[in-house]
Amino acid sequence: MKKKTLVIGASTNPSRYSFMAINRLTGYNHPTVAIGLREGEVAGVKIEKEMLPFEDIDTITLYINPRRQPDYYDYILSLNPERVIFNPGTENRELYDLLRENNIEIEVGCTLVMLGSNQY
């Protein structure tokens with residue numbers, strides 16, 4: 001099943017894991033949207049600077065530092081995703097609690113590994 005995914009913290013820098021994740025997600029044919037600090041494009045996916053009201057988001061995969069995440073709490077909840085993936089370095093107990101209160105699944109892991117091992 002294909003899962004529409006929002007990458008938060010997207011980058012056009014090929015050495016960034018968010019860049020690799022967008023490439024891998026599109027390679028597996030998951031519909032992908034992205035927001036980041038700068039506009040750009042990766043694998044045909046436009047990186048937006050604004051928190052747009054994307055629809056039908058199944059999964060949000062985080063690539064932003066926990067100190068920056070509070071600015072995104074309301075946005076993430078407004079999208080009502082099925083789950084949020086906390087990639088290494090993004091773990092945040094405060095956000096875990098908010099997600100649980102809203103019945104949103106939490107995955108602590110690596111999007112790239114999950115895709116590569118058919119656990120996405």
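## Annotated domain

The UniProt annotation "domain: CoA-binding", from an unreviewed entry, covers residues 3-115; UniProt positions are given in the numbering used here, feature names are shortened, and annotations may be inferred rather than shown by experiment. Over residues 3-115 the chain is 28% helix and 24% strand, with the end C-alpha atoms 11 Å apart. Helices (H or I, at least four residues) and strands (E, at least two) are DSSP runs, numbered from the N terminus.

This is a predicted model, in which local features need pLDDT of at least 70 and side-chain atom pairs count only at pLDDT 80 or more, while totals for chains, interfaces and linings use all residues. Residues are numbered from 1 along each chain as its sequence is written, and side-chain values use heavy atoms, with hydrogens and water left out.

## Strand β5 and its neighbours

Strand β5 (residues 59-62) pairs in the parallel sense with strand β1 (residues 5-8) over four bridges, where pairing requires that DSSP finds at least two bridges between the strands. V7 has T61 of β5 as its bridge partner. Strand β6 (residues 83-86) also pairs with β5 in the parallel sense over four bridges, and L62 stands opposite F86 there. From β5 the chain crosses through helix α2 (residues 73-79) to β6 in a right-handed β-α-β crossover (with the strands pointing away from the viewer, the path from the first strand over the helix to the second runs clockwise).

In a regular strand the side chains alternate between the two faces of the sheet. Both faces of β5 are covered: T59 and T61 on one side, and I60 and L62 on the other, are all buried (under 20% relative accessible area; exposed is over 50%, partly exposed in between; 1.4 Å probe, protein chains only).

Q69 is placed in the loop between β5 and α2. Its relative accessibility is 1%, so Q69 counts as buried. Leaving aside residues up to four places away in sequence, Q69 touches L62, I64, F86, T90, N92 and L95 (heavy atoms within 4.5 Å).

## Aromatic rings

One aromatic pair is found in a search of the whole structure (ring centres of Phe, Tyr or Trp, the last by its six-membered ring, within 6.5 Å; planes under 30 degrees apart are stacked, over 60 edge-to-face, the rest tilted). F86 and Y96 form this edge-to-face pair, at 4.7 Å centre to centre and 85° between the planes. Because F86 lies in β6 and Y96 in helix α3 (residues 93-101), the pair ties together parts that are ten residues apart in sequence. F86 is buried at 0% relative accessibility, and Y96 is buried with a relative accessible area of 6%.
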